[in-house]
Amino acid sequence: MNPTSIASKVRSFLTSFVQDDDFEDSDNIFELGLVNSLMAMQLVLFLEKEFQCKFSNEELNLRNFRSVDAIVTLLSSKAA
Amino acid sequence: MFVDYTPEQKDRQSVIRDYIDRNINPHADEWDAKEEIPRTVFSALGSEGFLTPGLAPQFGGSGMDSVTLGILMEEMGKASVSVVSDLTVHGMCVEAIQRFASDPLRDHYLPRMAKGETLGAFALTEPDIGSDARNVKTQATPVEGGYVLNGRKKWISFARMADLILIVAQDEGQPSAFLVPRDTPGLSIKPIRGMLGFRSAMIGELQLDGVKVPTDHQIGTRGAGFSHVAANSLDFGRYCVAWACVGLTQACVDSSLHYAQHRHQFDRPLRDHQLILEMLANMITHLKAARALAWRCAYLRDQRDPASITETTTAKYFSSMVASKAASDAVQIHGANGCGPDYPVQRYFRDARIAEIIEGSNQMQQIMIAKNGYIENRKALKRMRTPASQ
């Protein structure tokens, strides 16, 4: 799956779970207060199901989930 | 959406119910009075595959689907929520190891935990830290070859019997999770007796004085102890408590229907008195609603739907609230008999109050539910007009 397609799916998921969908792909969704701890769990659950993958302990670092761009980078590296 | 049990799930329910009726229910009041459950009970639960219902079969677990796990917790909750409490924290420890521990630790601990040779507990709460769990004070200091833990944990279910305890501590200022075997030097465990409810859950207090664990006993990475490890285990815990409270409410309904049928006042059975019927009607209606919410969670969890996490908080909040109200009404219907030792409803009443506090107090659940409400309803909110006067 190409990065644009990954970004589109991630953005679609995020916008269905946050109240304000006015954010850029590079924005830190945690710093913007868009995502709480429950939402972080939901995000991991969504990504593992949608992209048929399992994140390792090292990958389950919030830095890897801080933005759409960071998530795309993580998933692209797993697919490589 | 899922609306009924499959034939296989009904068969499992029958087996589970029969086992609990024979082996748990007859002893629940006695264990409550003695404030302990024999270890052989958990070994036997392990032999039946009830100790690690969600664990993958490759590790000796039962690999139950979420509905069947719910059935187990409901049936067990009907008999003894203290047993549920111990099964839950054991399961929370198992969940953490299965998801976050290294392969050697999984291979070492999980088969033993499935058989009941190793019993687990989960230690997050401290004397001064409850809901504000990210800020636990217990410290884990990195040393050569591992970590040294110092601090205190309180209100830990199963602490008096558990062989392996998952402890959340600050590792250089970041919440992290550690597996600590009971026999580790420096760890002492003191029983807490005289609890309002969950009396036989063998609750205890942990003192950690220079407890050294190897490096690989930190599970998950530094900083992931609350956001991932504990959060994942608490989600499992809330799911178990939600179903257990459905069972507890069912027990209140069963006892109350039976009592109201046989107890006579003013030459009529209680069931002929309308104010009694009102309590029964509310109890039954709330029970059905709580079970429907728990079913919805089971369905979502088996679909690995992200919404399962927020729905589980809703189910836990509602079913524990319903259980508390049902138990209160059950005591009221039973009158003085409901306050004495001859009927179990006084135990239901005491246990239900604890269910409103564990795995995140109901006030914490309410905060999450209400905040999530703004997200779930954001589109409708955007469509709504604000009156000019505001």
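Modeller: Let's start with the largest pocket, which holds about 1,100 Å³ of space. This is a predicted model, where local features need pLDDT of at least 70, side-chain atom pairs count only at pLDDT 80 or more, and totals for chains, interfaces and linings use all residues. Residues are numbered from 1 along each chain as its sequence is written, and side-chain values use heavy atoms, leaving out hydrogens and water.

Colleague: Which residues are closest to the centre of the largest pocket?

Modeller: The general idea first: rolling a probe the size of a water molecule over the atoms shows where empty space is left. Here, 38 residues line the largest pocket, and the closest to its centre are B:Gly130, B:Ser131, B:Glu359, B:Gly360 and B:Ser361.

Colleague: Which element gives the most to that lining?

Modeller: That is α12(B), with 5 residues. Helix α12 of chain B covers residues 362-376 and includes B:Tyr374.

Colleague: Is A:Gln42 buried or exposed?

Modeller: Buried means under 20% relative accessible area, exposed over 50%, and partly exposed in between (1.4 Å probe, protein chains only). A:Gln42 has a relative accessible area of 2%, so A:Gln42 is buried. A:Gln42 sits in helix α2 of chain A, residues 37-50.

Colleague: What does A:Gln42 touch?

Modeller: Contact means heavy atoms within 4.5 Å. Leaving aside residues up to four places away in sequence, A:Gln42 touches A:Phe13, A:Phe17, B:Pro306, B:Ala307, B:Ile309 and B:Thr310.

Colleague: And how does B:Tyr374 count?

Modeller: B:Tyr374 counts as partly exposed, because its relative accessibility is 48%.

Terms used. Chains lettered and ligands numbered in written order. Helix = DSSP H or I, 4+ residues; strand = E, 2+ residues; numbered from the N terminus. 1 Å grid on protein atoms, 1.4 Å probe; cavity = no way out; pocket = protein on both sides within 12 Å on 5 of 7 lines; lining within 4 Å. Points joined across faces, edges and corners; volume = space filled by probe spheres on them.
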